[in-house]
Amino acid sequence: MSLISTEIPKQGFEVVRDLIPALLKTELENQKIIKNLQEEINVFSARSTPFQQSEIMMINVLVDSADYSSTGEKSTQGRTNFFIDIYSSGKENEDEDGAYVSIKRRDLYLGMIRYILQDHHYKTLGLPPGLIMGTYVDGFENFEPNNNQDASFVKMSRLSFSVRILEDQSLWNGIEINTIFTDVKLDLTERGYKYELIN
């Protein structure tokens with residue numbers, strides 16, 4: 001016999017997992033206009049298919065782990081860790097080799113993402129006060145992808161981002177991302193769930 005008679009609501013880390021790509025897509029598309037960037041900005045949540053040689057840029061948000069340092073009968077809080085993976089490819093031109101083009105693009109987006117996530121406008125990720133107790137960009141690492149193809153000069157960075165979340169079912173109940181970012185939708189593609197702006 002089940003002792004829980006009501007539907008278990010979406011947990012805080014799930015809300016944040018879906019919120020991070022939505023806010024990154026929104027802000028990066030705005031920067032694309034301001035900076036006159038040309039590449040398509042592809043943002044995914046938990047994409048599992050590898051970065052393709054034909055792609056120029058890809059951002060993928062993943063849940064890593066959680067450490068609950070404070071627990072009580074009605075709530076739990078602690079740091080939940082997320083990875084934001086940034087992939088870039090490049091082509092050689094008369095002035096620069098493909099690897100340098102790829103590194104410059106990767107670092108540009110890495111810097112913008114770090115800035116967005118630490119900006120005071122997003123200290124609670126747009127959620128009501130009390131649900132998010134703090135956000136922290138912990139650092140980043142650069143990697144050479146295992147399936148790197150020389151012709152595409154694929155470069156990758158992983159930014160670590162942690163969020164102190166209050167996991168309390170009654171507080172989280174009823175919060176929907178689409179009320180915060182009404183111009184972003186989530187589409188299922190052959191490469192995973194991709195965030196798109198609604199025009």
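1. Helices (H or I, at least four residues) and strands (E, at least two) are taken as DSSP runs, numbered from the N terminus. On that basis the chain has three helices and seven strands, arranged along the sequence as α-β-β-β-α-β-β-α-β-β.

2. The model is predicted: local features need pLDDT of at least 70, side-chain atom pairs count only at pLDDT 80 or more, and totals for chains, interfaces and linings use all residues. Residues are numbered from 1 along each chain as its sequence is written, and side-chain values use heavy atoms, with hydrogens and water left out.

3. Of the 199 residues, 44% are buried, that is, under 20% relative accessible area with a 1.4 Å probe, protein chains only. Among contacts (heavy atoms within 4.5 Å) with a separation of 6 or more, 65% join residues 24 or more positions apart.

4. The structure contains one aromatic pair. The ring centres of Phe51 and Tyr87 lie 5.4 Å apart with planes at 20 degrees, so the pair is stacked (centres within 6.5 Å, planes under 30 degrees apart). Phe51 belongs to the loop between strand E1 (43-45) and strand E2 (57-71), whereas Tyr87 is in strand E3 (residues 76-88), 36 residues away. Both Phe51 and Tyr87 are buried.

5. Arg47 lies over the face of Phe44 at 4.7 Å from the ring centre; Arg158 lies over that of Phe83 at 4.1 Å.

Methods:
Rings of Phe, Tyr and Trp (its six-membered ring) pair if their centres lie within 6.5 Å; planes under 30 degrees apart count as stacked, over 60 as edge-to-face and the rest as tilted. Buried means under 20% relative accessible area, exposed over 50%, partly exposed in between (1.4 Å probe, protein chains only). A charge sits over a ring if NZ of Lys or CZ of Arg is within 6 Å of the ring centre and within 35 degrees of the ring normal.
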